[in-house]
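Please read it alongside the sequence and the coordinates.

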Amino acid sequence: LKRGTCHPLVGEVPHRAKDSMMFFSSKKEYPANHEVKDDLGHHGDWCMISEEKGKAHLDEALKVLSKAHKSDEHRQSEMGKPHGDFSHNILGIGQTGWHMSFSPHDDQGGRYVPQSRIITKPKDWADETLLVPHEGLTWLLKEYRQAIGKLDRPDTPAWKCKNIQLFVQNFLLPMVVHHHHCEENIFFPFLRHRVKLPESMTTEHHDLVVLLGEMAKIDYAQMSPQDYAKKSIAITDKLFKLWTQHVENEETYIPGYLRENFTCTEGAVVEKIIGATLGPHGMAMMVPLIVYGMRNIWGGDKKANEFVHGNMPLPMRALYIHSWRPAFFKYVIGLLKSVDEPKDNFKAGVIGYPYGPKSTWWRVPMPNLRHHLDGAHETGKGGFGLHGKFLKRTNSA
C-alpha cells in the first residue's frame, strides 16, 4: 500500500467508451457471487467486484494488517479506542490511520441526526463505519422515490422519465451494486476472520440486486409517463423496504463485531482497500455523496471537513473540490431535480468528465476552476445553487 494511494491496488479499472444513452441494452454478464444479470453499461468495469478480485483486495489488506501492529500488546492497547488519532499514521494516508474522521459525533442540538433507526447517536468509529456509506445511499433512494412520485401526472413530458432512467443507469444502480459487491467480497470475508455473520446479510444483497435490475430495465419509451411512474414506484417501494431491513440488520450487529474484535487501524485498512476498488470513476460518484451525507444529514461541517482534509491526499482533494463535487450536483442531483424543471437540460445524456464515457470527455471539459463549488453549496449558504446560479464564495470544504 503506497503512501497516499487512492487508486486500485489490484488490476485496472478501465472506463470503456460506450454510449451513456444505451439504457442497459447491453446484456453483458459480469462475474458475481450470485447468478444475477447486472446490466451496467460502461459502469460495470468499476462497480463489479468479483469474488476473485475481492480476495485479491482482501489479501492486500491482510498484508498491511500484518505490519500495522508491531505486537499483540500494541494491538491490545488500541482495542476499545472510540476514535482515531491525528498522530496515528501507520498507513501513511492523509493525516490519520483510519477512514472516518477524528472528533466525536455532535448533533448540535438535534440538527445532525442519522436517518438510521438503529444508530441514532453514533459513539465511535465502529458506528461510523456503517453510517458513512449507508446514510448517503439511503438519502439518495429517498430522493429518487420523491422524484418518481412527481412523474405520476397527466401533463408529465417523456423527457422527465428519460432523465430519471439516466439517473438509475448511471448513478443509483452502479453505486448500490458496488456497495453490495464490496461488502460481500471484501468486508464480510474480512469480518469472518474473527466473527460468524448471520446468513441473512448475504441473501438480502442478492434480492436487492434483483430489484435494481428490474428497475434498470424499465423502458420508459414504451409506456406513458404515468405507467412508468407507477411501475417505478412499485419496484422502488419494495426495494426501499428491503434496503431498510438490510441496513438495520447490518447496523444492529456489525458495530458490535467491530468494537469487540477489531481496532481503529484494522477498520481503517479494510475501508481504505474498499475505497481503492472504486477507482477514479467510482470515487467521483461516491466521495461527493459520502461528504454530502456527512455534512448535511448526520455529521455536520466539522466532521465533513475533517473527512475531506484528513483523509484525502492533496491531488484527490483538488479533484473533489474542482471536478467531482460540481459534477455530482450537476448530474446526480440535477437529474433528480429535473422533474421540477420546465425544460430538459440533459438532452445529450450523461457526458463529459468524470461521469460520461471517455469518448465524451473531450467534448465537455472539467468545470471552470474559477467557479468551483464550495461546501456552502451543500448547505445552501453559498457556492452554486442546484440550478447553476452563482451566489457567493466560501472557504469550507
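## Overall make-up

The secondary structure of the protein chain comes to twelve helices and two strands, where helices (H or I, at least four residues) and strands (E, at least two) are DSSP runs numbered from the N terminus. Read from the N terminus on, the order of elements is α-α-α-α-α-α-α-α-α-α-α-α-β-β. Of the 397 residues, 59% count as buried, with buried meaning under 20% relative accessible area, exposed over 50%, and partly exposed in between (1.4 Å probe, protein chains only). Among contacts with a separation of 6 or more, 76% are accounted for by residues 24 or more positions apart, a contact being heavy atoms within 4.5 Å.

This is a predicted model, in which local features need pLDDT of at least 70 and side-chain atom pairs count only at pLDDT 80 or more, whereas totals for chains, interfaces and linings use all residues. Residues are numbered from 1 along each chain as its sequence is written, and side-chain values use heavy atoms, with hydrogens and water left out.

## Helix α4

Helix α4 (125-149) has 25 residues and reaches 36 Å from its first C-alpha to its last, close to the 36 Å expected at 1.5 Å a residue; the expected span is 1.5 Å times one less than the number of residues. A kink of about 35° lies at L131, shortly before the proline P133, the bend at a residue being the angle between axes fitted to the seven residues ending there and the seven starting there.

Most of α4 is covered, with 20 of its 25 residues buried. E128 has its place in this helix, and E128 counts as buried because its relative accessible area is 1%. The C-alpha atom of E128 is separated by 8.5 Å from that of P255, although the two residues are 127 apart along the chain.

## Helix α5 and its crossing with α11

Helix α5 (residues 158-192) has 35 residues and reaches 48 Å between its first and last C-alpha atoms, close to the 51 Å expected at 1.5 Å a residue. The helix bends by about 40° at E183, and 32 of its 35 residues are buried.

The axes of α5 and α11 (residues 314-337) come within 8 Å and cross at roughly 145°; axes are lines fitted to C-alpha atoms, for helices over the stretch in contact, and angles run from 0 to 180 degrees between N-to-C directions. The contact is made by N163, I164, L166, F167 and F171 of α5 and by Y331, V332, L335 and L336 of α11.

## Helix α6

The 17 residues of helix α6 (residues 200-216) should span 24 Å at 1.5 Å a residue, and the end C-alpha atoms are 25 Å apart, which agrees. The buried residues of α6, including M201, H205, L208, L212 and A216, pack against α4, α5 and α7 (225-261).

## Backbone details in two loops

In the loop between α3 (72-78) and α4 lies Q108, whose phi is near 50°, a positive value in a residue other than glycine. Q108 counts as partly exposed because its relative accessibility is 40%.

P354 is found in the loop between α11 and α12 (375-379), and the peptide bond from Y353 to P354 is cis, with omega near 5°.
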